[in-house]
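The following briefing is meant to be read alongside the sequence and the coordinates. Please look at both before turning to the points below.

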Amino acid sequence: MDYSWIQISVAAVFLSVVITLVLSRGYGWLSPTFWRNAAVVSSMIMLFILMWLTFDTTEKIRPGAGRVPTWTVINHQIGLKWDGEKRRQVPVVGEQTGFFGKVYSPDEAFALINKGKMTLQGRNCMECHQILGNGAYYAPDLTRAWLDPWWEERIMPALGVASREEAMKTWLQHPDKYPQGRRRMPNLHFSDEEAVALVAFLKWMSAIDTNGFPPRFGVAQ
Amino acid sequence: MNAFALRQPKELFESQKLALWYFAVAVLLFGVQIIFGLLMAYQYIDPEFLYGKLSFMTNRTLHVNAMIVWLLVGLMGGVYWFLPLETGREVVGIKLAKFIWWVIVAGVGVVVLVYAFVQVGPGNAYTLWFINEGREYVEAPRWADFAIVAWVAIFLFNVIATTLAARRITGLLGVLIFDLVALGALYTAGMHYTVNVTMDQYLWWWVVHLWVEATWEVLVGVVMGWSLMYLLGTPRKLIETWLFLEVALVFGTGILGLGHHYFWIGTPEYWIGLGGFFSALEPLPLVAMVVHAVYDSGAHRLHTVNRPALFWAIAQAFGNFIGAGVWGFMQTLPQINMYSHGTQLAAAHGHFSFFGAYVGTVLTLVYIAVQNARKRVVVPLDSRLWPWAYGFLIFSIIGVVASFTISGFAQTMIERAELGSTWNAYITSYTHPWYTNTHWWRFWMGMLFLGAYVALVWDLLTIGRKPAAAVEAAHD
């Protein structure tokens, strides 16, 4: 898109005011007609801009279009790096490492992440956790769950497993047995298939460019 | 005392009798919301309380869904109450309206039982259709979504057909129809499944934001307009001019203010500027409402036909401005929101704004209906009990909000700003004394809120039973 947010904002307000004034010639600013015109005009202009931006946004958030990763990102190493120009962290995709010892084809990866998303919804994760910052506030934000250093620092040694995906899968299936902090996650009885799919979804989500949210992830100690 | 600007005939219209059912269910679900809120407040203190049986997630689902349903039911009840007064005739399609109402009541009962006892399901389409859609606020399984769309469609038909039959469209009715079309259409944006979580949340906010920060606010403008005409006899021209101004400002700022939910979900960077700019303007209509409320009630020196309703209307104006406007503005700029988003501060804003904007409105409507539902209509409606319920509901919600605000500041500071937003940072923040100290305070303020709710219900059942003269004498 060739327009900045300032241009869009100024144009939206300017058009709303000018069209209202033109339509309301002959009416004082205290008359109902003036404000009825203002209501209809501003609603229509803002709605039109929302529709236009929705088309633009939809293009830009397609998996693989730059901001949202392709499904096969789960086969790769992922991380965050500081972007000095943008002054925020951006996700980086590294070499191919496989996922649970396997390289997933695009179709297989899609099917797995789809299963993970359905599991996320079916187990109502959002009513304790946040997904991309949205949800309830009783458990950690999952936006960057895959990248959390806690898996390597605490969970892998505690469970005695060698890989991050194994640690996440095993912990998710028995969170009640390995409480972290005072609040325990209930055992939601994920099947093996569901747990693997959920880990895939979380890994894929961790590679979305969220404009730097959550801030300074994993940087400070 | 001014004459009623909206005359209430002696016999209630059928749609007003239906509205009484709407209000009864709304007030009942208000109680359900409070009970599940209290269970959660106690789980903050003791996370093992009801662990695995009625976990936090289940209580929260019931808490927020009860809230949305009771507030929407209350607002719709307000429309069924005032529509025949506005058009001077019975609502067209009232039989259909009664039929869908009982379908919805049964449906809500089934959904609540499934939420409470089945709770979650396997990760497949069956769960999304029949148990729980797992998307905060719009968890309703898909079958219930269709029931809700049918309900809103019949409601819209009632309003449009009654307006056409009356052969008279007022500014209030015009705005109502315009708003209800948008409200119904927006709900369908939440009725889909997509793997791409960014796209999912993009459209999810069309329901969540464009309902509560746009179409609901305008619906409130309409029913509060009718309420003020009834309570104070405010002239229609004044009400309609203000309403148009409200719509211009609410839709003018709120539609693109939607951008403040698109800062961090993976959407392009221009939303940061757009969302910050327009959502910073969103308090403007709320300031206008406060000006209107103060001016109008001052001009009438608080003389009204219904004191509790007028006081709830004033509380609504201030509560909407402070809860939605001030507490929202406090964290809406992206520079701040990056750190505060998804913390307890969001819960502080949520509690304050829903209470201020919508609870105040629905209780205004309920008191107006209660006044006219009795055999003898007492004017002015007053009691000794309502100021206690009113005062303690407001006091205790402020207490709850204050505790969320403080734990939110602590969480923002410790988890986000200092420790880098990880799992460990999260645990460090919620076990910090600045955070945990607020738990008890929040719980007891919640208990006080429950007590005030009981007083409110008692007052609603008894107010107006005594003749006005006796109440006046009691005041002397």
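Among contacts in chain A between residues at least 6 apart in sequence, what percentage join residues at least 24 apart? The share is 52%, where two residues are in contact if their C-beta atoms, placed from the backbone, lie within 7 Å. This is a predicted model, in which local features need pLDDT of at least 70 and side-chain atom pairs count only at pLDDT 80 or more, while totals for chains, interfaces and linings use all residues. Residues are numbered from 1 along each chain as its sequence is written, and chains are lettered from A and ligands numbered from 1 in the order in which they are written.

**Fold of chain A**
- Chain A holds six helices and four strands, taken as DSSP runs (H or I of at least four residues for helices, E of at least two for strands) that are numbered from the N terminus.
- Read from the N terminus, the order of these elements in chain A is α-α-β-β-α-β-β-α-α-α.

**Extent and domains**
- The C-alpha trace of chain A spans about 80 × 35 × 35 Å along its principal axes.
- Chain A comprises domain 1 (5–60) and domain 2 (71–206), with bounds that come from an automatic or database domain assignment.
- The centres of domain 1 and domain 2 of chain A, taken over C-alpha atoms, are separated by 43 Å.

**Contact between the chains**
- On the chain B side, 71 residues are in contact with 77 residues of chain A.
- Helix H8 (residues 236–257) of chain B supplies eleven residues, the largest share of the side of chain B that touches chain A.
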